[in-house]
Structure formats: structure tokens, C-alpha cells
Amino acid sequence: MDIVKAVEQEYLKNDYKNVDIGDYVRAHLMIKEGDRSRIQVFEGTVIGRRGAGLNESITIRRLSYGVGVERVLPVHSPRIDKIEIVRKGRVRRAKLYYLRDRVGKSAKVREKLAAKKD
């Protein structure tokens with residue numbers, strides 16, 4: 001198993017450790033259309049995180065024209081340019097699948113307040 005971890009190590013991106021459940025994120029995805037490529041931004045709430053190592057993925061959910069859209073993104077994929085955290089969320093669950101049934105204000109996630117630096 002140490003050989004597998006050694007091979008995986010070079011493909012891991014370590015800058016996404018601080019993306020947690022409930023965070024509102026902006027994922028910049030590389031989209032290839034024909035011979036051209038462009039960056040497409042997918043913005044939403046992280047409702048789930050699963051796997052470990054190279055197999056780790058996050059589920060991002062947003063409402064688009066009143067329809068819920070979810071996207072499962074492999075965290076260490078080369079197609080992901082970067083993941084920005086817009087707001088940190090404060091939740092008490094590991095999976096936020098209950099947000100699928102909610103619309104409007106009831107689908108809000110509380111914001112985590114930053115710690116004071118005194």
C-alpha cells in the first residue's frame with residue numbers, strides 16, 4: 001500500500017484542505033470545447049465530502065432558475081483550476097442532504113463568525 005500512496009502523492013493538490021461542509025464556494029472548472037478551453041465558474045454550497053486521498057470528492061449544490069443543480073467534483077482533478085471559499089458555513093451535520101427539500105430562507109446555512117484576534 002505504501003507504493004500506491006507514493007504514486008498518488010504527486011497528483012494530490014494540498015490547497016483544498018480548508019474546504020468544509022456548509023461553505024459557500026466558487027469552483028473554477030476547465031471546460032474544453034473542440035480545440036479551445038475556457039474556465040467556467042460553478043458557485044454553491046458544499047453539501048457533502050467523501051473519500052480520501054486521490055479519490056476525495058465534494059458535492060456542490062446551487063439553485064439555478066428555481067431548479068436545484070448539484071455537481072460532484074473530484075477535489076484533486078486536473079480539470080479544477082481552483083476552489084475559492086466565499087463564505088464559511090456553520091453546520092452540525094457531516095452531510096447537508098436535507099437542503100435538497102428546502103427552498104428560500106429555510107435553505108440557508110448560518111455563517112461562521114471569524115475568531116477575534118486580541
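## Basis of the model

This is a predicted model, in which local features need pLDDT of at least 70 and side-chain atom pairs count only at pLDDT 80 or more, while totals for chains, interfaces and linings use all residues. Residues are numbered from 1 along each chain as its sequence is written, and side-chain values use heavy atoms, with hydrogens and water left out.

## Overall fold

Helices (H or I, at least four residues) and strands (E, at least two) are DSSP runs, numbered from the N terminus.

The C-alpha trace spans about 45 × 45 × 30 Å along its principal axes. Of the 118 residues, 26% count as buried. Buried means under 20% relative accessible area, exposed means over 50%, and partly exposed lies in between (1.4 Å probe, protein chains only). Contact means heavy atoms within 4.5 Å. Among contacts with a separation of 6 or more, 49% join residues 24 or more positions apart.

## The sheet

The five strands form an open sheet in the order β4-β3-β2-β1-β5, with antiparallel pairing. The edges are β4 (67–74) and β5 (80–87). Each has a single partner strand, so one side of each is left without a neighbour in the sheet. Neighbouring strands are turned by 40° against each other on average, direction ignored. Axes here are lines fitted to C-alpha atoms, for helices over the stretch in contact, and angles run from 0 to 180 degrees between N-to-C directions.

Strands of a sheet pair through backbone hydrogen bonds, either parallel or antiparallel. Two strands count as paired if DSSP finds at least two bridges between them.

Strand β2 (residues 36–50) and strand β3 (residues 57–64) run antiparallel and are joined by five bridges. Arg49 stands opposite Ile58 in β3. Arg50 has Ser57 in β3 as its bridge partner. This hairpin has six residues between the strands, and Gly51 takes a positive phi near 85°.

β3 also pairs with β4, in the antiparallel sense, over eight bridges. Ile58 faces Leu73 in β4. Leu63 stands opposite Gly68 in β4. This hairpin has two residues between the strands. Tyr65 sits in the loop between β3 and β4. Its phi is positive, about 55°, although Tyr65 is not a glycine. Most residues other than glycine have a negative phi. Tyr65 is exposed, with a relative accessible area of 86%.

## The largest pocket

The largest pocket has a volume of about 390 Å³. It is lined by 20 residues. Nearest its centre lie Tyr24, Thr45, Ala107, Lys108 and Val109. β2 and β3 are the elements that give two or more residues to the lining. β2 gives the most, with four residues. By class, the lining has six nonpolar, four polar and ten charged residues. Ala, Val, Leu, Ile, Met, Phe, Trp, Tyr, Cys and Pro count as nonpolar, Asp, Glu, Lys and Arg as charged, and the others, Gly among them, as polar.

The search uses a 1 Å grid over the protein atoms alone. A pocket is an open set of points where a 1.4 Å probe fits, with protein on both sides within 12 Å along at least five of seven lines. Lining residues have an atom within 4 Å of a point. Grid points are joined across faces, edges and corners, and a volume is the space filled by probe spheres set on the points.

Thr45 lies in strand β2. Thr45 is buried, with a relative accessible area of 16%. Beyond its neighbours within four places in sequence, Thr45 is in contact with Gly22, Asp23, Tyr24, Thr59, Ile60, Arg61 and Val109. Tyr24 and Val109 also lie among the residues nearest the centre of the largest pocket.

Ile31 lies in strand β1 (residues 24–33). Leaving aside neighbours within four places in sequence, Ile31 is in contact with Arg36, Ser37, Arg38 and Gln40. Ile31 and Arg79 are 48 residues apart in sequence and 7.6 Å apart in space, C-alpha to C-alpha.
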